[in-house]
Amino acid sequence: MTLSAVAAPLAAYAVIFQTLIYLTLPVGLRTRVAPVVTGLVGAGLSLGAALIFGFGEIGLLAGEPMTAVAWGVATVVLMTVLGLLMLSRDELSAQMADSRLASLGGADAFTTIFVRIPVFTALIEEAFFRGVLHAALTALYPIHVAVWLGAGLFGLWHIGPGLHQAQAGDMSAKTGAVQTGLTVVATTILGAFLVWLRIETGSIWAPVAVHAATNMTMAVFARIAGRRIPAVVG
């Protein structure tokens, strides 16, 4: 078995699996169950690939630890500035607000932001997309093609979460479709940057740090914004 031989199944998983999970689960279960299901499957695929092809081959061996830390800290600072700017403007704050995070109790919010996001989202998605999938695509295509193909698949991976966010925000079908499309475009661009970072640093750990720092910091601000909305409206 070679990495090129498993590229097509991995690509199909990236495009289809998470979207189907989000579409088939009841709305009330999506936030908690979908990331766990997709995370466990992604972890299994990544670990299996590492055992077959080698941890170094798919970027799971540690690079320079301080490089990952530096990227993570810089991302937290950048996202904090962005979050504070958005909170300062009511229209931007409303766009950032997440009613799902706002409705969670303290313990559930802590678990979601500081456990589920870094482990089931950032770590496992990076192990799969910037680790296994990137290695498989580069075995088949020139590097520039592999980068954007992997980034595009990462964008399509977010169709399910985009649709769910639109439904949670009570958007119309048209607005929800536009919102989901923007999510796919934004995550494709972010995916290309994360692939570049994986190539530059030689492992997935700097991308993990950036991914986790981005999602965790913005989740904190989305929860704050969501809990402020009633006060703003009133």
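What follows starts at the core and then goes through the helices and some of their residues.

Modeller: Happy to! A word on the basis: this is a predicted model, in which local features need pLDDT of at least 70 and side-chain atom pairs count only at pLDDT 80 or more, while totals for chains, interfaces and linings use all residues. Residues are numbered from 1 along each chain as its sequence is written, and side-chain values use heavy atoms, leaving out hydrogens and water.

The largest nonpolar core has 25 residues, and L10, I58, L60, F128, F129, L133 and L153 touch the most other members. Such a core is a set of buried Ala, Val, Leu, Ile, Met, Phe, Trp, Tyr and Cys residues joined through side-chain atoms within 4.5 Å. Buried means under 20% relative accessible area, exposed over 50% and partly exposed in between, with a 1.4 Å probe and protein chains only. Two or more residues each come from α1 (7-24), α2 (27-53), α6 (106-138) and α7 (143-156); helices here are DSSP runs of H or I, at least four residues, numbered from the N terminus. The biggest contribution, eight residues, is that of α6. In soluble globular proteins, nonpolar side chains tend to be buried together.

L153 shows the packing in detail: beyond residues up to four places away in sequence, L153 touches A11, A14, V15, F129, L133 and L137, where contact means heavy atoms within 4.5 Å. Apart from this core lies another, of 18 residues, including A212, A219, F221 and A222.

Now to the helices. In α1, the buried residues are A7, L10, A11, Y13, A14, Q18, T19, I21 and Y22. At Y13, α1 bends by about 35 degrees, the bend being the angle between axes fitted to the seven residues ending there and the seven starting there. At 1.5 Å a residue, the 18 residues of α1 should span 26 Å, and because its end C-alpha atoms are 26 Å apart, the two agree; the expected span is 1.5 Å times one less than the number of residues.

Next comes α2, with a bend of about 50 degrees at V33 and a proline, P35, following within four residues. Its 27 residues should span 39 Å at 1.5 Å a residue, which agrees with the 38 Å between its end C-alpha atoms. R30, A34, P35, T38, G39, G42, S46, A49 and A50 are its buried residues. F53, also in α2, is partly exposed, because its relative accessible area is 21%. Setting aside neighbours within four places in sequence, F53 contacts M1, T2 and L3. After α2 comes G54, with a positive phi near 110 degrees.

P35 leads us on to R116 in α6: not counting residues up to four places away in sequence, R116 touches T31, P35, T111 and T121. R116 is buried yet has no salt bridge, and D98, the nearest side chain of opposite charge, is 7.6 Å away. A salt bridge needs a side-chain nitrogen of Lys or Arg within 4 Å of a carboxyl oxygen of Asp or Glu; Lys and Arg count as positive and Asp and Glu as negative, with His and the chain ends not counted.

One last stop is H158, in the loop between α7 and α8 (159-168). H158 is buried, because its relative accessible area is 13%. Its contacts beyond four places in sequence are Q18, E125, T183 and T187. T183 and T187 are among the buried residues of α9.
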